[in-house]
Amino acid sequence: MLSNYYLLNRNINENDIWVKSYKVPEAYDWNYSDGISIKNTNTSGELFYQNNKSLKTDYVAGIQSFPVVSKKFKELLENLNDPLEFHHVKLVQVISELVDNDYYFLNILENIECFDWDNSEYEKLPVSQAPTDVEKLVLETHKIGKRNIIRIAELQSLILVSDNLRNLIESCELTGIEFQNIENYQEFEL
């Protein structure tokens, strides 16, 4: 039943922080969506933002492709026992040089092949045969099992959350998060 799963997106408000630049281990940029463990680099990434009056959210928006979550969001996710790993990152306010150490790169492990090839509407990339230009996204949700947060193996940029996780996020009043119904998803290649 599709109504039990949602796409996790960043909700960006005018007064929220926006990461303008960052320095992180290469694996964060290149392997963040592969569903594989990233070896501990013993280096904290740094994410830089400008406005010192900006609000820090629990799901950080900016130029980075990889998900960055607050300590509060991290603790909520750890209680679910899904295959995840967290790597420390620092939020650095450029002007004052104040550092917030309570943020983490979220690495979602064990991507799940759940794209419904028969019922979705999409094009295929010529070489890899991966779906692109998705006009209608349908998932085989029975393949997800009891996971609360996953990456879809065929569309790795997407993060899927269960209705249970959505309710927990809302009850904890986590910020910077938006849920999108799967039925409303459309992706077009530029």
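Biologist: In this predicted model, what is the strand order of the open sheet of five strands?

Modeller: The order is E3-E4-E7-E8-E6, and the pairing is mixed.

Biologist: What makes strand E3 (21-23) and strand E6 (68-70) edge strands?

Modeller: Each of E3 and E6 pairs on one side only. From one strand to the next, the twist averages 35 degrees.

Biologist: How do you know that E3 and strand E4 (residues 45-49) pair?

Modeller: Pairing asks for at least two bridges between two strands. Three bridges join E3 to E4, so the two count as paired. E3 and E4 run antiparallel, and Lys23 stands opposite Glu46 in E4.

Biologist: Which strands does H2 touch where it packs on the sheet?

Modeller: H2 touches E6, E7 and strand E8 (99-108). The direction of H2 makes about 90 degrees with that of E6.

Biologist: Why is Asn81 called exposed?

Modeller: The term exposed applies over 50% relative accessible area. Asn81 has 67%, so Asn81 is exposed. Its place is in the loop between helix H2 (71-78) and strand E7 (84-93).

Biologist: What is the phi of Asn81?

Modeller: Asn81 has a positive phi of about 65 degrees, although it is not a glycine. Most residues other than glycine have a negative phi.

Biologist: Which strand holds Asp133, and what is the phi of Asp133?

Modeller: Asp133 lies in strand E10 (residues 131-136). Its phi is positive, about 50 degrees, and Asp133 is not a glycine either.

Biologist: Why is Asp133 called partly exposed?

Modeller: Buried means under 20%, and exposed means over 50%. Asp133 has a relative accessible area of 21%, so Asp133 is partly exposed.

Key:
Residues numbered from 1 in each chain as written. Predicted model: local features only at pLDDT ≥ 70, side-chain atom pairs only at ≥ 80, totals over all residues. Heavy atoms only, no water. Helix = DSSP H or I, 4+ residues; strand = E, 2+ residues; numbered from the N terminus. Buried < 20%, exposed > 50% of the residue type's maximum accessible area, 1.4 Å probe, protein only. Axes fitted to C-alpha atoms, helices over the stretch in contact; angles between N-to-C directions. Contact = heavy atoms within 4.5 Å.
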